[in-house]
Amino acid sequence: MANKQRIMRVLRQDDLDDIVSIDETASKQSRREYYERKIASILNRKTNINCSIVCEVDGKVVGFMMGYVFFGEFGISDATATIDALGVHPDFRKFGVASEMLDQFVMNMKAAGVRKIYTLVNWDDFALEKFFSRQKFVPSKRINLEYVMP
Ligand SMILES: CC(C)(COP(=O)(O)OP(=O)(O)OC[C@H]1O[C@@H](n2cnc3c(N)ncnc32)[C@H](O)[C@@H]1OP(=O)(O)O)[C@@H](O)C(=O)NCCC(=O)NCCS
């Protein structure tokens, strides 16, 4: 991996298979329909700007970072962005792939005028939390509320 050329580019429709298989290694389940819907919404130009990044090595996607841009929504006047899916193939972890995708994402968001990037991490997902913490993400002032159906 060290001397292989990696390409950071925006997400495309035909990345679905690679993304589903990377996610399967982490979630231990096939979430094809979920990612099909997600990619369709990301690539819908009427409602969204495609800011999602993938990392390609030898023509294969080895990592993905999916997100959305929001312009003045949820009562927040500044443009914000979220990262809501992230994964790197186990064979390509610890080589800086996720860090480089995040650098690219941040650079693109800065150019789009985004002031803050949000993400959610499960409280017991220590690896993911450590990754974001290293990348200077801090606990937000906004809190996440949930309602469990009775
Ligand atoms: C969290 C995750 C995205 C990190 O991806 P990654 O590409 O390995 O991340 P990076 O390589 O940028 O950084 C990871 C570590 O490798 C280190 N590293 C980066 N480049 C390195 C290099 N060349 N040599 C040695 N170490 C390196 C980083 O310092 C970092 O160290 P840390 O673990 O102490 O923080 C990845 O582990 C993953 O996909 N986990 C599963 C996520 C998941 O559950 N997703 C569900 C769908 S949302």
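In which sense do strand 4 and strand 5 pair, and over how many bridges? The two run parallel, and four bridges hold the pairing; strands count as paired if DSSP finds at least two bridges between them. Before the views, a word on the model: it is predicted, so local features need pLDDT of at least 70 and side-chain atom pairs count only at pLDDT 80 or more, while totals for chains, interfaces and linings use all residues. Residue numbers start from 1 along each chain as its sequence is written.

**Figure 1. The whole chain, with four helices and five strands.** Helices (H or I, at least four residues) and strands (E, at least two) are DSSP runs, numbered from the N terminus. Read from the N terminus on, the order is β-α-α-β-β-β-α-β-α. The radius of gyration, taken over C-alpha atoms, is 16 Å, close to the 15 Å that the globule rule gives for 150 residues, so the chain is as compact as a globular protein of that length. That rule is 2.2 Å times the number of residues to the power 0.38. The C-alpha trace spans about 45 × 40 × 30 Å along its principal axes. Take the contacts between residues at least 6 apart in sequence: 61% join residues at least 24 apart, a contact being two C-beta atoms, placed from the backbone, within 7 Å.

**Figure 2. An open sheet of five strands, in the order 1-2-3-4-5.** The pairing is mixed. Strand 1 (6-10) and strand 5 (116-119) are the edge strands, each pairing on one side only. From one strand to the next, the twist averages 25 degrees (axes are lines fitted to C-alpha atoms, and angles run from 0 to 180 degrees between N-to-C directions).

**Figure 3. Strand partners, pair by pair.** Strand 2 (residues 53-57) meets strand 3 (residues 60-71) in the antiparallel sense over five bridges; here Ile53 stands opposite Met65. Strand 3 and strand 4 also run antiparallel, joined by nine bridges, and Phe70 has Thr80 of strand 4 as its bridge partner. Over at the parallel pairing of strand 4 with strand 5, look for Ile83 opposite Thr119.

**Figure 4. The shell around the ligand, built from 19 residues.** The closest are Ala26, Arg93, Gly96, Ala98 and Ser99. Helix 1 (16-27), strand 4 (79-88), helix 3 (97-111) and helix 4 (126-134) each give two or more residues, and helix 4 gives the most, with five. By type, the shell divides into 10 nonpolar, four polar and five charged residues (Ala, Val, Leu, Ile, Met, Phe, Trp, Tyr, Cys and Pro count as nonpolar, Asp, Glu, Lys and Arg as charged, the others, Gly among them, as polar).

Figure 5. Most residues other than glycine have a negative phi. Lys28 is exposed, with 7 other C-beta atoms within 10 Å, and Asp58 is exposed with 9.

Note on methods:
A residue is near a molecule or strand if its C-beta atom, placed from the backbone, lies within 6 Å of it. A residue is buried if 20 or more other C-beta atoms lie within 10 Å of its own, exposed if 12 or fewer, and partly exposed in between; C-beta atoms are placed from the backbone.
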